[in-house]
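Good morning, and thank you for making time for this presentation. Please keep the sequence and the structure in view while I speak.

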Amino acid sequence: MDFALEDTQNAAPGLPSMAEQQKLAVAPRKADTQSVTKRLQSELMTLMMSPTPGISAFPDADGNLLHWTATIVGPKDTPYADLNLKLSFEFPGNYPYTAPTVQFKTPIYHPNIDFSGRICLDILKDKWSAVYNVQTVLLSLQSLLGEPNNASPLNNEAAQLHQNDPEEYQRKVLARHQDIDD
Amino acid sequence: MSTVQTLAPVSPPGGVFASVFSPSWVKPPKYRQRFTPAALSTIPDTKATLHALLRSLLGIGDETFIYGQDRWVPNLGGPFHSHFESCSPPDQIRHPTLADHAAQDAEEAQSPLWRNLPRWRSVVGSEPLKKLLAAVLNDLMTEFVTWSYAGVYRHSLHLHLEFWVQHLFARITQKALASLDGSAASSTISVPDAEAKKWKDMATARLGALRVDELFDIVVDWDTTAPAIDDLRHFTTNPATRSYLTHNFANVLQTRLLHPGASTINILQVYISVIRSFRILDPKGVLLDRVAKKVRRYLREREDTVKVIVAGLLSDTVDEDGQPSTPDPETLADLAVELTNNSAQDGGADASEFDWNDMDWVPDPVDAAPDYMKSKNIDVIGSLITLFDTKDVFVKELQNTLAERLLKNKADFNQEISVLEHLKIRLGDAALQGCEVMLRDVLDSRKVDNVIRRDQGMQDDRGRPRQADDVQLHAKILSRLFWPTVPEQAFHVPQVVLEQQQTYERGFEALKQSRKLTWLNAIGQVEVELELEDRFYRDEVLPWQAVVIYAFQEADANAEAKAEAGFATSPAQKTVTSLASELAMSPTLIRSACIFWVSKRILTEVGRDTFAVLERLPAGIDAVMGGGDDAGAAAGAAAAAGATGGAGRRADDSNATAAAAAVAAEAAAAQAAKEAEEAERQQKMAMYHQFVVSMLTNQGAMPLPRIAMMLGIVVPGGFPFSNEELKEFLAGMIKEGVLHVAHGGAYKVSS
């Protein structure tokens with residue numbers, strides 16, 4: 001907020017000033033980026049060397065490897081069969097100690113995913129652990145498509161329909177789906 | 001145009017000296033001076049005569065020129081020769097005695113110069129003549145330095161130069177000016193110190209410029225040319241000359257060294273010499289820093305740099321008899337010597353900028369670049385191992401080379417241990433942990449090997465085999481995680497070896513619980529003894545070669561059984577395909593092994609791809625050659641192999657035959673290696689394939705340049721293809737139906 005800026009004038013001597021604080025915060029982060037990049041590079045390599053059918057991911061063209069786009073092909077025997085679903089990954093500077101921010105880019109109708117693509121999945125929130133990686137997250141999301149967690153929905157209507165009216169659910173899924181092509 | 005300008009030297013002194021020093025032609029006068037045409041026409045003539053007379057007075061171009069008396073005076077030293085090469089050591093040059101001065105004066109008095117000066121002055125006037133004199137003297141100084149010192153590198157050269165300036169150049173200049181001014185040209189004229197110093201500085205600058213020009217050759221021949229660096233130290237005393245030196249040398253390096261025609265070893269060798277010589281020239285390392293930047297950047301681009309460095313570090317400095325080994329031009333054995341001699345004596349760490357107690361501290365030189373970092377690593381080894389941004393590149397290569405050496409059947413690994421210990425000081429223990437483990441593995445294996453063999457009854461207490469003709473199996477146990485991956489070339493080992501391996505495995509698992517052995521059959525050495533009907537053969541060969549020859553032994557045993565049963569006997573015969581299926585080995589490798597044995601004259605190729613044991617050496621060699629020649633051609637060996645084979649047959653020369661067979665064997669081995677490489681390439685291609693598919697799936701359609709750029713970013717170790725190659729690769733993928741070209745030439749995944 002604004003007063004934080006003004007506060008530098010009146011800050012007690014001895015406390016780090018605003019500018020110093022910024023420096024303090026930035027320095028370790030900079031050192032970190034390299035290890036994050038290294039980790040992501042090796043994750044990418046694993047994905048390339050042992051590709052899993054139905055999922056794939058690749059860094060965006062901005063060159064720092066912290067933004068990825070992933071694609072999930074809807075699993076067979078689910079309402080999403082053969083749909084191409086795109087997601088965006090954003091990795092924080094202290095990845096893998098903090099979960100990446102994952103969102104669906106393709107419009108999707110699903111009990112645990114809201115209309116702007118945000119996902120309610122425990123391993124992306126409080127259950128995140130550093131042993132997870134892009135591949136495991138994608139596999140979890142793929143299985144989430146077939147087995148939604150109706151107990152804690154982001155989209156109530158979808159949860160209701162999924163339990164009570166599978167045909168209508170299927171129709172809504174297909175109606176909402178829209179291939180994005182860039 | 002001022003007329004006086006015609007007095008200027010027609011050509012400015014050689015390009016060599018041009019860039020540092022202000023142009024040496026005479027500045028135009030403030031007012032014009034007019035000469036009569038007659039006077040004007042005499043000027044070039046005057047100048048030439050002046051030049052010639054002064055030249056001989058200064059002793060230039062005359063290798064027998066001596067100052068004063070030509071004799072050796074005890075305690076005072078020898079006479080001064082103007083020609084440096086014929087002079088006695090500079091520190092023994094006699095300081096001229098009165099007798100010397102007198103002799104020299106008498107000598108000089110005979111020169112026509114003194115008669116001519118007044119005459120010239122009356123023609124062109126005093127001022128122009130002085131300028132003429134200045135121009136000539138200026139030329140002559142350069143001429144003297146070049147004539148006397150070019151290519152001559154001796155200690156205390158500056159003493160010689162100072163003598164010349166003091167007693168010849170400055171004095172004669174003084175004398176000439178005095179005689180021009182009309183004052184009595186007295187022989188006792190002495191040069192004022194301040195003036196003499198100016199002359200000396202000028203001469204030193206000329207000498208410096210000469211040395212800078214020669215610097216590349218000086219560096220290349222480093223060690224014998226060390227005094228030349230001393231000369232340069234007198235020169236590089238101010239920023240202008242320092243920057244002249246680095247600028248000039250960097251350019252020379254660029255044109256003479258950093259081009260594709262120079263081998264990496266050459267470049268590294270010169271770089272090492274540069275480091276050594278520049279450390280003496282400028283211990284602070286600023287000059288080196290400026291010169292070496294380009295070399296380092298260039299070396300980083302070369303793929304084999306790290307290989308050459310590591311091979312050099314690990315090369316043998318002494319041969320088996322403890323004698324210093326003869327230097328092999330293919331390796332940088334220099335590095336190994338340097339490493340052992342120089343155990344970080346300059347104690348690195350405490351020489352930092354923050355050592356407040358350092359009373360000898362001096363600031364960085366004024367001309368240090370803003371990004372100049374006083375690095376501790378300005379010695380040879382330090383510079384080379386910090387060449388790359390990360391230690392990883394270096395450590396990885398070190399592991400590969402070390403692995404190769406450790407797997408050899410050597411009595412001890414003292415050299416490897418010592419290299420590793422020395423490198424630890426520089427790189428830190430942590431970086432070399434992997435190498436340390438490898439070394440430990442190999443050393444421990446020896447003990448473990450002994451214990452297992454004893455426990456499993458494979459040898460008796462004294463380490464001798466129980467049965468004389470048993471196959472003896474020794475193993476080196478490697479910790480998989482710490483060793484570089486070994487190319488897998490699987491094949492079946494003979495039954496006897498397999499049994500031994502299983503026994504060994506049991507022994508190991510008893511010794512170290514919950515650990516498992518995986519056999520790497522492809523690496524190792526096998527000592528083979530072959531008993532043929534007329535000879536006996538013993539050698540150390542590679543496992544796959546041994547396995548192939550062993551297969552012939554089995555066939556032979558069968559044949560003997562048949563013979564006993566009364567069948568007609570013939571030497572064991574096998575085809576490549578049957579061997580390949582029997583041993584589960586790639587046909588190329590089999591071929592290579594067979595041809596190896598043909599070159600040893602154990603096998604012979606009786607038909608295409610069919611080999612038989614050569615039990616008796618034939619009297620002639622036609623039989624062998626028939627096979628060998630064919631083998632050469634079939635293996636795709638160089639045409640030379642076939643040609644040599646043909647010649648051998650005609651000349652009936654068995655040496656040529658053996659040589660041809662060896663060439664064929666080499667070619668076959670190369671073929672096998674190529675195949676392994678090809679397999680690796682295929683694997684890489686599959687990886688690129690996956691990268692491209694994944695990229696286009698997720699990022700949508702992309703044009704070629706963007707694909708190339710992205711691959712460059714994400715493929716570890718960089719993407720080696722050019723755009724053209726990538727285009728071809730993508731075209732291949734289109735043919736496979738994986739991709740198609742969307743509108744605008746962008747590539748897209750077909751779904």
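This is a predicted model: local features need pLDDT of at least 70, side-chain atom pairs count only at pLDDT 80 or more; totals for chains, interfaces and linings use all residues.

Helices and strands here are DSSP runs numbered from the N terminus, where a helix (H or I) needs at least four residues and a strand (E) at least two.

Residues are numbered from 1 along each chain as its sequence is written, chains are lettered from A and ligands numbered from 1 in the order in which they are written, and side-chain values use heavy atoms, with hydrogens and water left out.

Let me stay briefly with B:Asp444. Is this residue buried, partly exposed or exposed? Buried means under 20% relative accessible area, exposed over 50%, and partly exposed in between, with a 1.4 Å probe and protein chains only. B:Asp444 has a relative accessibility of 31% and therefore counts as partly exposed. Its C-alpha atom is separated by 8.6 Å from that of B:Lys476, a residue 32 positions away along the chain.

Chain B contains 26 helices and nine strands, and buried residues make up 44% of its 751 residues. Chain A has five helices and four strands, which run α-α-β-β-β-β-α-α-α from the N terminus on. Of the 182 residues in chain A, 38% are buried.

Contact means heavy atoms within 4.5 Å. Among contacts with a separation of 6 or more, residues 24 or more positions apart account for 68% in chain B and for 54% in chain A. Accessible areas come from the Shrake-Rupley method with a 1.4 Å probe, and for residues only the protein chains shown count as cover. Chain B exposes about 39300 Å², with carbon and sulfur atoms supplying 53% of it. For chain A the accessible surface is about 10400 Å², and carbon and sulfur atoms hold 53% of that.

Next, the strands. Two strands pair if DSSP finds at least two bridges between them. Five bridges connect S1(A) with strand S2 (residues 67–73) of chain A in the antiparallel sense, and A:Ala57 has A:Ala70 in S2(A) as its bridge partner.

A:Lys86 lies in strand S3 (residues 84–90) of chain A. With a relative accessibility of 12%, A:Lys86 counts as buried. Leaving aside residues up to four places away in sequence, A:Lys86 touches residues of chain A including A:Ala70 and A:Phe104, and its contacts in chain B include B:Thr697 and B:Gly700.

Strand S3 (residues 526–531) and strand S4 (residues 536–541) of chain B run antiparallel and are joined by six bridges. B:Glu531 stands opposite B:Phe536 in S4(B).

My last topic is aromatic rings. Rings of Phe, Tyr and Trp (its six-membered ring) pair if their centres lie within 6.5 Å; planes under 30 degrees apart count as stacked, over 60 as edge-to-face and the rest as tilted. Over all chains, the structure holds 21 aromatic pairs. In one of them, the ring centres of A:Phe58 and B:Phe691 are 6.1 Å apart with the planes at 85 degrees, so this pair is edge-to-face. The pair crosses between chains, from strand S1 of chain A to helix H24 (residues 654–699) of chain B. A:Phe58 is buried at 0% relative accessibility, and B:Phe691 is likewise buried, with a relative accessible area of 0%.

Another edge-to-face pair is formed by B:Tyr688 and B:Phe721, at 5.5 Å centre to centre and 70 degrees between the planes. Here B:Tyr688 in helix H24 is linked to B:Phe721, 33 residues apart, in the loop between helix H25 (704–714) and helix H26 (723–735) of chain B. B:Tyr688 counts as buried, at 3% relative accessibility.

Thank you for your attention.
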